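Hello,

I am passing a structure on to you, and my notes on it follow below. Please have a look whenever you find a moment.

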Amino acid sequence: MSNTQRPSLERRHTRTTKANKAEALDTGMTVVMPDGATHTVRIGDVTPQIARELRAAIGTGVLGLMEQLGSKDADLDLVQAFIFVARRIAGEAVTLDDCEVTYADMLSDDFDVVV
């Protein structure tokens with residue numbers, strides 16, 4: 001029998017692991033509307049309840065929504081869902097229908113999606 005000690009099977013949390021986790025939680029997007037309203041979603045701010053509400057409403061989660069919103073095919077429904085999530089994070093008791101967006105909004109020079 002050897003007296004050598006085996007390394008622990010526990011995952012070691014190094015500074016880089018913690019920094020990577022913090023960076024991932026800070027990942028987000030902001031939608032700027034023509035009226036100047038900004039709606040921001042940060043991954044770390046999404047609660048399980050909001051995630052469930054989003055999936056029930058549109059069939060995808062927050063990460064999928066952000067990925068689709070960042071694509072060239074982003075349409076009204078995705079922007080509306082994003083604003084719904086942002087407003088729910090802000091504590092507003094809104095439904096998806098309360099977050100209406102129009103093509104006029106999206107085609108405005110003042111509309112922007114910022115990663």
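Before the sheet, a word on terms: two strands count as paired if DSSP finds at least two bridges between them. Please also keep in mind that this is a predicted model.

With that in hand, strand β1 (residues 28-32) and β3 are joined by three bridges and run antiparallel. One of the residues involved is T30, whose bridge partner in β3 is V114.

The sheet as a whole is open and has three strands, in the order β2-β1-β3, with antiparallel pairing. Since β2 (38-42) and β3 (112-114) are the edge strands and each has a single partner, one side of each is left without a neighbour in the sheet. On average, neighbouring strands are turned by 15° against each other, direction ignored.

Two helices pack on this sheet. Helix α3 (residues 62-69) touches β1, β2 and β3, and its direction makes about 55° with that of β1. Helix α4 (residues 76-89) touches β1 and β2, and its direction makes about 75° with that of β2.

The largest nonpolar core has 25 residues, and V41 and V79 have the most contacts inside it. At least two residues of this core come from each of β1, α2 (48-58), α3 and α4. Helix α4 gives the largest share, nine residues.

Which residues does V79 touch, leaving aside those up to four places away in sequence? They are V31, L69, V101, M106 and F111.

Enjoy looking around in it!

Best wishes

Definitions and conventions
Residues numbered from 1 in each chain as written. Predicted model: local features only at pLDDT ≥ 70, side-chain atom pairs only at ≥ 80, totals over all residues. Heavy atoms only, no water. Helix = DSSP H or I, 4+ residues; strand = E, 2+ residues; numbered from the N terminus. Axes fitted to C-alpha atoms, helices over the stretch in contact; angles between N-to-C directions. Contact = heavy atoms within 4.5 Å. Core = buried A, V, L, I, M, F, W, Y, C linked by side-chain atoms within 4.5 Å. Buried < 20%, exposed > 50% of the residue type's maximum accessible area, 1.4 Å probe, protein only.
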